[in-house]
Amino acid sequence: MTNIRDVLAKNMKAYRNAFGFSQAKLAEKVDTSTHYIGMIETKKNFPSPEMLERIAAALGIDTIDLFSTESNLPKAIKASRRAALKDIKSLMGRFIDEKLKELDKNP
């Protein structure tokens, strides 16, 4: 039997890490304390429905995702984030190459 506190704590931390948020950054986005976020992640506190909605909104996910037992969701987010960063790196490289060519043409 799955414990709901365990699932919430694991998912919240996994999503937070996947998005690159510290506990302090998530607390700031949710308008609560870092201590409170830590209490949830260590299963010492369970948030109200309103707080769950605020946490999910801050993470950009649906509230129900905080309770999913599919462990691949945070991994998918991390993979998507990595792919986006690779795309940005490639675009920035092309942009810089074009600017260098322009400078070479017009010394």
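This is a predicted model: local features need pLDDT of at least 70, side-chain atom pairs count only at pLDDT 80 or more; totals for chains, interfaces and linings use all residues.
1. The side chain of Lys43 forms a salt bridge with Asp6, in which the closest N and O atoms are 3.1 Å apart. This pair links distant parts of the chain, since Lys43 sits in the loop between α3 and α4 whereas Asp6 belongs to helix α1, 37 residues apart. Both partners are partly exposed, Lys43 at 40% relative accessibility and Asp6 at 35%.

2. As to the overall fold, the secondary structure of the protein comes to five helices and zero strands, and along the sequence the pattern reads α-α-α-α-α. Of the 107 residues of the protein, 27% count as buried. Among the contacts with a separation of 6 or more, 63% are accounted for by residues 24 or more positions apart. The accessible surface of the protein comes to about 7,500 Å², and 55% of that surface belongs to carbon and sulfur atoms.

3. How many salt bridges does the model hold? The count comes to three, and the bridge between Lys43 and Asp6 described above is one of them. In another, the side chains of Arg16 and Glu41 meet at 2.7 Å, N to O. Arg16 lies in helix α1 and Glu41 in helix α3, so this pair ties together parts that are 25 residues apart in sequence. Are the two partners buried or exposed? Arg16 counts as buried at 6% relative accessibility, and Glu41 likewise counts as buried, at 10%, both values falling under the 20% cut-off.

4. Not counting residues up to four places away in sequence, Arg16 touches Phe21, Ser22, Gln23, Leu26, Glu41 and Leu59. Among these neighbours, Glu41 is the salt-bridge partner of Arg16 and is also listed with the buried residues of α3, while Leu59 is one of the buried residues of α4.

5. A further salt bridge joins Lys99 to Glu102, with the closest N and O atoms 3.6 Å apart. Both residues lie in helix α5, three residues apart, which is about one turn of the helix. An α-helix has 3.6 residues a turn, so residues three or four places apart point the same way. Lys99 is partly exposed, with a relative accessible area of 37%, and Glu102 is partly exposed at 43%.

6. In helix α3, the buried residues are Tyr36, Ile37, Gly38, Ile40 and Glu41, and the buried residues of this helix pack against α1, α2 and α4. In helix α4, the buried residues are Met51, Leu52, Ile55, Ala56, Ala58 and Leu59. Seen down the axis of α4, these buried residues fall within an arc of 160°, so they line one face of the helix. Pro49, Glu50 and Ala57, on the other side of α4, are exposed. The cover over the buried residues of α4 includes α1, α2 and α3. Just after α4, Gly60 takes a positive phi of about 75°.

7. Which aromatic rings are paired, and in what arrangement? The count of aromatic pairs comes to two, and one of them is formed by Phe46 and Phe67, tilted at 40° between the planes and 6.4 Å centre to centre. Phe46 lies in the loop between α3 and α4 and Phe67 in the loop between α4 and α5, so the pair ties together parts that are 21 residues apart in sequence. The distance is within the 6.5 Å cut-off for a pair. Phe46 counts as partly exposed at 30% relative accessibility, and Phe67 is partly exposed with a relative accessible area of 22%.

8. A last point concerns the surface. Leu85, Ile88, Met92, Phe95, Ile96, Leu100 and Leu103 form a nonpolar patch there, and together they have about 700 Å² of accessible area. Phe95, one of the members of this patch, has its place in helix α5 and is partly exposed, with a relative accessible area of 44%.

How values were computed:
Residues are numbered from 1 along each chain as its sequence is written. Side-chain values use heavy atoms; hydrogens and water are left out. Rings of Phe, Tyr and Trp (its six-membered ring) pair if their centres lie within 6.5 Å; planes under 30 degrees apart count as stacked, over 60 as edge-to-face and the rest as tilted. Helices (H or I, at least four residues) and strands (E, at least two) are DSSP runs, numbered from the N terminus. Buried means under 20% relative accessible area, exposed over 50%, partly exposed in between (1.4 Å probe, protein chains only). The arc is that of the directions from the helix axis to the C-beta atoms. Contact means heavy atoms within 4.5 Å. Patches are made of residues with over 30% relative accessible area and no salt bridge: like charges are joined within 9 Å, nonpolar side chains (Val, Leu, Ile, Met, Phe, Trp, Tyr) within 5 Å. Accessible areas come from the Shrake-Rupley method with a 1.4 Å probe; for residues, only the protein chains shown count as cover. A salt bridge is a side-chain nitrogen of Lys or Arg within 4 Å of a carboxyl oxygen of Asp or Glu.
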